[in-house]
Amino acid sequence: MPIIRPLLATALVASAVAVPARSAAADSCPQVTVPGAEHQVIACLDDLTTAGTVASGHTVPADYAGLHPAGARNPSGVPGMQIDGYFPDDSTFNTHHGWNHDSQFVIRLPERWNGGLVVAGTPGNRRQYANDFTISDRALAKGYAYAAIDKGNSGLEFYKDGDRPGDAIAEWNFRLTQLTKAARQVVKARYGRTPSRTYAAGVSNGGYLVRWQLEKHPELYTGGIDWEGTLWTDRGPNLLKFLPTVLSGSPEKVYPAASSFLWPYHRQVYWDLTQRIYREEIDPAYDGDLQAGIPYCAPGTPSCDADYDYDSRPHEVHKAVRRISLTGEIGRPMITIHGTLDALLPIDADSDHYAAMIRRQGRSALHRYYRIEDGNHTDGLYDAFPDRLRPLLPCYHNAFDALEAWTTRGVRPPASATLPRPDGDVVTTCPLTGGR
């Protein structure tokens, strides 16, 4: 089985990539300034997609390792300008380019611009290039400007950032707002007008950011794609409520039986580590297992996360979760996709529940929800189980096209549905029709 970097629970290997160099044509690049940036480097490139940036050193492939199936193919040959840099920040988790500075961003501006901007929320604990293959390449090929940020903290010790519980995750929301505002101004400086449409897109923690942005800052966006976003609510569901049940030896109470072939891998890679680091962020007073380096502890072990009871924890813990909680009160059109075999964020305790929250807020007219049969949280695992799993990447592609049509031409997407596995090549095919 291939080694897959978890979206929620694994940091990236430190990159050996040097500081992005100015290209030979850099002096002739349009000179634009990213508002609020402490540092930036501009390069004019022959190809802004990963087909070109891997060779030129303007991406970090480790950031997006395991996030797409091996057979996926992307467009290439999009010339334009890339800006790498960072906003002021006092944390240093991001070692990319030798900067040792958080709040690193990337902004890409294609020569042939279609008038739009795509802003991506970074998944898991990864960094600013994590969406380069899954989101940036295709957006650029369609003519969109593109921007992404590392969320202000990353890696397995992101919870050490901030002074209060919940500060690190709250910063993620602030940083994506900051980037969106700055990128819109950069687009205006480069092309002479502000973008006519701005879309937010993201997977996992990035999907959470899309949800939060469309709830709190709908004025900045035209719409968004929520790809298996993490759900935070004080009363639950949230991962601090269901992962202890899994760690106590009862994954069947949380995940569908059909996903059981994925459980050994997720036990080894995702469940315990995810629970520990997010609990450290929300409830650092609970225990010291993470610092002690205990990889997994059985039920009954003193201070073990398998025995963690979120509901009984002090007021301060619930206050921290309320700071980052979602409400379902989205203010712009949003499409959600979620795999039915997600063995990290169970669909019924996540997107099913969030869709119900949206309905209770009276916002269903702004929402489409596609449950992707046989989809898992991580597309990279499709390569190990091609007969049992199905990647969500082509579903994202079709969802984005549907969002464009919805927000620019008034063409409403197909009704929300569970989408059965299609005939043919699931790596490239995911019709949004024919569901049940």
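Predicted model: local features only at pLDDT ≥ 70, side-chain atom pairs only at ≥ 80, totals over all residues.
**First stop: H96**

Select H96, which lies in the loop between β2 (80-86) and β3 (104-110). Is this residue buried or exposed? H96 has 0% relative accessibility and therefore counts as buried, the cut-off being under 20%. Display its side chain together with that of D63: a polar contact of 2.9 Å joins the two.

**Second stop: A130**

A130 sits in the loop between β4 (116-121) and α2 (132-141). Its relative accessibility is 0%, so A130 counts as buried. For a distance check, pick the C-alpha atoms of A130 and A120: the two residues are 10 apart in sequence and 9.3 Å apart in space.

Colour α2 and helix α10 (residues 393-409) separately; their axes come within 11 Å and cross at roughly 35 degrees. The crossing is right-handed. To see the contact itself, show F133, T134, I135 and R138 in α2 with L393, Y396, H397 and D401 in α10. By class, these residues comprise four nonpolar, two polar and two charged.

Finally, select helix α5 (residues 239-247) and helix α6 (residues 263-282). The axes of α5 and α6 come within 10 Å, with a crossing angle of roughly 140 degrees. Because of that angle, α5 is oblique to α6; roughly antiparallel would require an angle over 145 degrees. The crossing of α5 past α6 is left-handed. Which residues make the contact? On the α5 side, show L239, L240, L243, P244, V246 and L247. On the α6 side, show R267, W271, D272, T274, Q275, Y278, R279 and I282. Colouring this contact by class will give nine nonpolar, two polar and three charged residues.

Methods:
Residues numbered from 1 in each chain as written. Heavy atoms only, no water. Axes fitted to C-alpha atoms, helices over the stretch in contact; angles between N-to-C directions. Helix = DSSP H or I, 4+ residues; strand = E, 2+ residues; numbered from the N terminus. Parallel < 35°, antiparallel > 145°, perpendicular 65-115°, else oblique. Left-handed = near helix turned anticlockwise from the far one by under 90°. Contact = heavy atoms within 4.5 Å. Nonpolar A, V, L, I, M, F, W, Y, C, P; charged D, E, K, R; others polar. Buried < 20%, exposed > 50% of the residue type's maximum accessible area, 1.4 Å probe, protein only. Polar contact = N/O pair within 3.5 Å; in protein donor to acceptor, adjacent residues only side chain to side chain.
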